[in-house]
Amino acid sequence: MAPMIEVRDLKKYFKSPRGTVHAVDDVTLHIDKGTTMGIVGESGCGKSTLGRTIIQMIQPTEGKIFFDGKDVTGLKGRELREFHSRAQFIFQDPYSSLNPRYTVEQTISEPLINSGRYSRRDIDKKTTELMDMVGVAQRLRLSYPHEMDGGRRQRVVIARALALDPEFVVCDEPVSALDVSIQAQVLNLLQDLQKDKNLTYMFITHDMSVVRHISNDISVMYLGQLVETSPSKELFRKHYHPYTKALLSAIPSTDIHHKMNRILLKGEITSPINPKPGCRFAARCDYATEKCHEPQKLEEVAPNHFVSCCRVHEINPELN
Amino acid sequence: MSEKFLSVKDLNDHYITSEADVWAVNGVSFDLERGKTLGLVGETGAGKTTIARSILKILPNPPAKVLGGSVEFEGKSIYEVSEAEMQKIRGDKITMIFQDPMTALNPVMTVGEQIAEVVALHNGGNKEDAKNRAVEMLETVGIPAERYVEYPHQFSGGMKQRVVIAIALACNPDLLLADEPTTALDVTIQAQVLDLMRELNRKNDTSMILITHDLGVVAEMCDDVAIVYAGQIIEKGSLEQIFDHPSHPYTNGLFGALPSMKDDEDDDRLHPIAGMPPDPTNLPTGCYFHPRCPYATEECKNGPVPVKELAPGHTCMCHKAGEV
């Protein structure tokens, strides 16, 4: 399968008065057509910045982004608009990503009108179809965001994102603001749409059970760096990076009869401003040695399972 | 150890405004033993926080009104004590951890002063003792004493929540009301904070009511569980009873809607609960869950719903309890 998205050595730095923030640092990954790549990590690890850079809402500092085999880094003007009709973004918070003064109809039809591809009548028809597709009743056509609950609002956001039939959608925490019963409805909807339209998703979340459920592959990020990438189910069985181990062990489990052995991390996430070279996790890692402060490489330790840790073989004797 | 520690009976709270009458809590009863942790589980707007606030008598009135019920704490009826006495209970005997550590702290006071303030209020105003206790509490929750003089904005979210916990536990309360204490935190930090709370509760034999929507957190922390829906406790029992034998259709729905973490389960699709939670200004007749319930029959649509005891301590508010 050809990759829909390929990212090579992507870097995004922000200048701040206190130094340079290394939000995304040397990330390389690819997402196959019709599959979902989950990006997990804690607040501030750069997962949203990665999504935004790939979709070119912000320009990368360094590195290349390939979309459907074509280099799309640094597109401008008409080409960028063309790219954005094929690659879309669903934001985390359905409360603030909708214009409070737009009705459902105005919100969903706006991208259709702006694209200039449709006549007035087609726009009406397409809006109706989109509302049906995401399961928002036609009677809500003239409703405003404040008149709807979070689940419906998120459905409207999804309808707007899919209005121009994109092939690739970055979903940034699309269900984090929703209750579990509503969350399940929205996740099912996203999966159905993926099947119907052969969509490719990049799914950003901090919720491990959600990401396990929806993703084909998962990438774990820590402070701007990719520490481990693996097929989704496999990652939960076998994980080799010390941070992944700690992260997965910290998930509260609903299984009351089998307690996981918890690895409690020391301290807090360190600052992404002017970080030291090498592995960002080294400051909190039990296994850290001198060589962890040299640049790390992603190593394929099992088929399609990549780990960025120079001591991976010492820590995981089963790999040898 | 089965003394009546906290007993809530038939609590009814409404929020009354000129536009609507919000039925937030509708006849909630439960008991809590000393040293135990009870989990109140439910979705947004189920009335969990209102229950906790009415135990502390800190519901804003107006618009909130306690229409009926009683709260007995260590043999004393909370609704009969004077406000002056209540102030002594608050912060000393019963304390609360609020959901959002970012807004629970005073931004223009150092964290040390905020802890010491509570202690001074309850120990008769000895500033020196209060300060020493505050330093001790900071260290207990894993914050170096030299950060006493720092302000909340200099702390991360997890650290702020530790400060909030330090304030809540500074006077060795008997009862801790924790309202979504880790919801705003990342999982690895959540693990640290839950660990800390568990350890401190065990050490001081503190009882806790833990409000959360996260069933994983409940599994880790609680002895007993009460499931709240539309201001009612629809099922209640020990952790094992609820997690091994969930009986109410809503409880089952909650478990079914969670993505599975197990390998052997075919988890291609999630099973959401149909429909939406009811509007608390216009609750359905009969069982509040019946419009969303796959097992609802005629008898569910009208009249009172019986509370059935399925096993000692395991109760379920459903006509079909034990059948479905």
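Predicted model: local features only at pLDDT ≥ 70, side-chain atom pairs only at ≥ 80, totals over all residues.
H5(A) itself runs over residues 150–161. Its 12 residues reach 16 Å from the first C-alpha to the last, close to the 16 Å expected at 1.5 Å a residue. The helix is mostly covered, with 11 of its 12 residues buried. Among these are several arginines, namely Arg152(A), Arg153(A), Arg155(A) and Arg160(A). Gly151(A), Gln154(A), Val156(A), Val157(A), Ile158(A), Ala159(A) and Ala161(A) are buried too.

How does its radius of gyration sit with that of a compact globule, and what is the value? For 324 residues, a compact globule would come out near 20 Å, and chain B has 21 Å, so the two agree. Along the principal axes, the C-alpha trace of chain B spans about 65 × 50 × 45 Å. Buried residues account for 47% of the 324 residues in chain B. As for contacts in chain B with a separation of 6 or more, 65% of them join residues 24 or more positions apart.

One helix pair in chain B is worth a look. Two packed helices are described by the angle between their axes and the distance between the axes. Helix H6 (residues 157–169) of chain B packs with helix H7 (residues 187–204) of chain B at an angle of about 15 degrees, the axes lying 10 Å apart. Angles under 35 degrees count as roughly parallel, and H6(B) and H7(B) are therefore roughly parallel to each other. Their crossing is right-handed. On the H6(B) side, the residues that meet H7(B) are Gly158(B), Gln161(B), Arg162(B), Ile165(B) and Leu169(B). H7(B) brings Ile189(B), Gln192(B), Val193(B), Leu196(B), Met197(B) and Leu200(B) to H6(B).

H7(B) turns up again where the chains touch. The contact takes 35 residues from chain B and 29 residues from chain A. On the side of chain B that touches chain A, the elements giving two or more residues are H7, helix H8 (215–221), helix H9 (239–244) and helix H10 (249–257) of chain B. Which of these elements gives the most to that side? H7(B) does, with six residues.

Methods:
Residues numbered from 1 in each chain as written. Chains lettered and ligands numbered in written order. Rg over C-alpha atoms; globule rule 2.2 N^0.38 Å. Buried ≥ 20, exposed ≤ 12 C-beta atoms within 10 Å, placed from the backbone. Contact = placed C-beta atoms within 7 Å. Helix = DSSP H or I, 4+ residues; strand = E, 2+ residues; numbered from the N terminus. Expected span 1.5 Å × (residues − 1). Axes fitted to C-alpha atoms, helices over the stretch in contact; angles between N-to-C directions. Parallel < 35°, antiparallel > 145°, perpendicular 65-115°, else oblique. Left-handed = near helix turned anticlockwise from the far one by under 90°.
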